[in-house]
Amino acid sequence: MNYAPRFFTFAAPLRFYRLAGAVSPWLYGVAALFALAGLYMGFMVAPVDATQGNSYRIIFIHVPAAWMSMVIYLAMAGWAAVGWALNARMASMLARALAPTGAAYTFLALWTGAFWGKPTWGAWWVWDARLTSELILLFLYLGFMALVEAIDDTRRADQAGALLAVVGAVNVPVIYFSVRWWNTLHQGASISMTAAPKMASTMLTAMLLMTIACWAYAFAVVFVRARAIVLEREAEAEWVRALPEFKEKGMP
Amino acid sequence: MNACWIILQRDVRLASRRPSDALMPVVFFVVTASLFPLGVGPEPATLRQIAPGIVWVCALLSSMLSLNTLYAGDYSDGSLEQMLTSNTHPVAVAGAKAVSHWLLSGLPLILASPVLGLLFDLPPSQIALLVASLALGTPTLSLLGSLGAALTLGLRNAALLILLIVLPLSIPVLIFGAGAVASYAVGLPSDGHFYLLGALLLLSALGAPVATAAALRISV
Amino acid sequence: MNWNSASEFFAMGGYGLYVWGAYVPMAVWMLVEPWRAVQRLRRARDGVRERLASPADWDVA
């Protein structure tokens with residue numbers, strides 16, 4: 001028998017369910033560790049910024065949240081497309097599990113951006129190219145989530161969501177370019193988020209540690225949600241009934 | 001090709017039997033645009049400045065209005081399935097439906113826009129640019145919108161879902177369409193905007209019918 | 001070490017409102033979201049248990 005790991009091994013909901021269950025506690029642990037390290041570095045070691053004082057320390061969560069929001073969107077669109085193209089249910093379930101976390105990161109990126117913008121630029125919201133694009137990304141997430149929730153037939157919902165996510169992903173560069181054009185054209189918005197403080201190496205390290213923490217956290221919570229979705233959808237399956245957590249005590 | 005022409009003729013004929021339904025987007029367009037001065041104040045300089053943006057946003061919303069009926073009528077009486085299973089390629093069907101949406105929604109908006117231009121006291125040169133930008137931009141909106149309509153076919157909140165899905169994708173068209181007029185107003189050339197509108201139209205003409213055909217296959 | 005006292009830390013040089021206004025919601029969310037995910041998993045498990053407890057006539061179990 002061939003024991004070499006196959007590419008599609010975890011496409012089977014059972015194996016994913018087991019793997020995700022085993023791995024997510026460790027991922028939470030990794031996230032906590034890296035967050036502690038990153039926050040220590042960011043608050044205790046990194047120096048005060050000359051122009052922005054201590055308010056710049058928001059970047060340690062703002063930038064990771066923004067990065068995660070974009071990475072998760074691509075992952076969501078990618079898995080949804082795989083699920084559609086290869087008719088792999090698990091991939092579509094994973095895409096659905098990714099959406100709420102991605103949307104949350106997007107919202108947090110906007111929220112933390114606003115709290116950084118107020119002391120730095122004097123306004124809670126600026127129509128800066130990157131913040132505006134981030135706002136549109138939030139709309140894309142909400143559109144995906146609304147569409148898949150609205151369709152009762154799971155297969156149709158998965159496929160429609162995949163199409164929408166892929167169209168959205170393809171459009172993201174177009175949207176970003178047009179928003180940047182719009183931003184530079186209207187002279188009033190001379191504010192730019194790219195004018196972040198020059199990064200001392202401690203700041204950069206702290207930011208990278210926090211990014212890893214956010215990544216591990218995202219994996220952990222998405223895995224838990226995906227497990228829930230698997231149980232919701234596959235409740236009729238034999239392997240679900242055979243799971244140890246559903247075995248009656250004293251029954252074979 | 002013949003089938004596309006037949007689809008177009010059919011949609012136009014059906015619309016002419018319900019003129020009030022067909023005119024609703026235009027009426028919504030004019031009414032909504034007229035609300036802005038009431039909210040913002042009648043100061044002419046302000047209105048002239050914000051007019052391109054207002055007209056464009058209202059055009060966007062009006063063309064989205066008529067989208068949920070684009071395929072719904074054909075779906076409920078079975079003719080959509082007929083179209084998709086016939087010899088005509090689904091992509092051609094999607095393209096023809098997008099054209100019919102533009103004829104019935106986009107074109108009337110373009111024709112009504114000079115009136116709004118006058119309401120906002122835009123100079124004739126800017127009105128001309130506004131009409132031109134809408135002429136180049138509304139077909140893209142119809143193409144993107146038909147994708148939204150196909151994805152949400154038969155769903156309860158289809159109208160709202162279409163808005164949520166299509167509006168973010170239409171933002172580039174909005175930016176360059178309104179920007180074309182606004183940049184001219186401040187003395188900058190608007191050529192770039194028109195080229196980009198053209199590019200967006202080309203991209204959506206190539207991509208949207210294909211995606212819409214896939215969406216129809218998913219939804220039907 | 002950047003801070004001479006805890007109160008200095010919380011004040012963040014005058015930017016306390018903004019720094020904590022950004023960090024606290026994020027921290028709260030990172031506690032709420034996993035909890036909600038676990039709740040969803042529990043509900044899903046309960047759903048499976050219900051199904052197992054009352055098989056339909058056509059269930060082969």
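These legends go with several close-up views of a predicted model.

Before the views, some bookkeeping: residues are numbered from 1 along each chain as its sequence is written, and chains are lettered from A and ligands numbered from 1 in the order in which they are written. Because this is a predicted model, local features need pLDDT of at least 70 and side-chain atom pairs count only at pLDDT 80 or more, while totals for chains, interfaces and linings use all residues.

**View 1. Who touches whom among chains A, B and C.** Two pairs of chains are in contact, and chains A and C share the most contacts; a contact here means two residues whose C-beta atoms, placed from the backbone, lie within 7 Å. Chain B and chain C have no contact, and their closest C-alpha atoms are 24 Å apart.

**View 2. The contact between chain A and chain B.** Chain A brings 23 residues and chain B brings 21 residues. On the chain A side, α4 (129-150) and α5 (154-185) each supply at least two residues, and α5(A) gives the largest share, with 14 residues. Helices are DSSP runs (H or I, at least four residues), as strands are (E, at least two), numbered from the N terminus. That side of chain A splits into 18 nonpolar, four polar and one charged. Ala, Val, Leu, Ile, Met, Phe, Trp, Tyr, Cys and Pro count as nonpolar, Asp, Glu, Lys and Arg as charged, and the others, Gly among them, as polar.

**View 3. Chain C against chain A.** Here 28 residues come from chain C and 31 residues from chain A. The chain C side has 18 nonpolar, five polar and five charged residues. As for chain C itself, it has two helices and zero strands, and 20% of its 61 residues are buried (20 or more other C-beta atoms within 10 Å of the residue's own, C-beta atoms being placed from the backbone; exposed is 12 or fewer, partly exposed in between).

**View 4. A closer look at V27(B).** V27(B) sits in helix α2 (residues 19-40) of chain B. V27(B) counts as partly exposed because it has 13 C-beta neighbours inside 10 Å. L109(B) is 82 residues away from V27(B) in sequence, yet their C-alpha atoms are 9.2 Å apart.

**View 5. Confidence along chain A.** The average pLDDT (the predictor's confidence in each residue, from 0 to 100) is 87 for chain A, with 90% of the residues scoring at least 70. Over residues 188-193 of chain A, pLDDT stays under 50, and the model has 11 contacts beyond four places in sequence for them. Where pLDDT is low, the predicted coordinates should not be read in detail.
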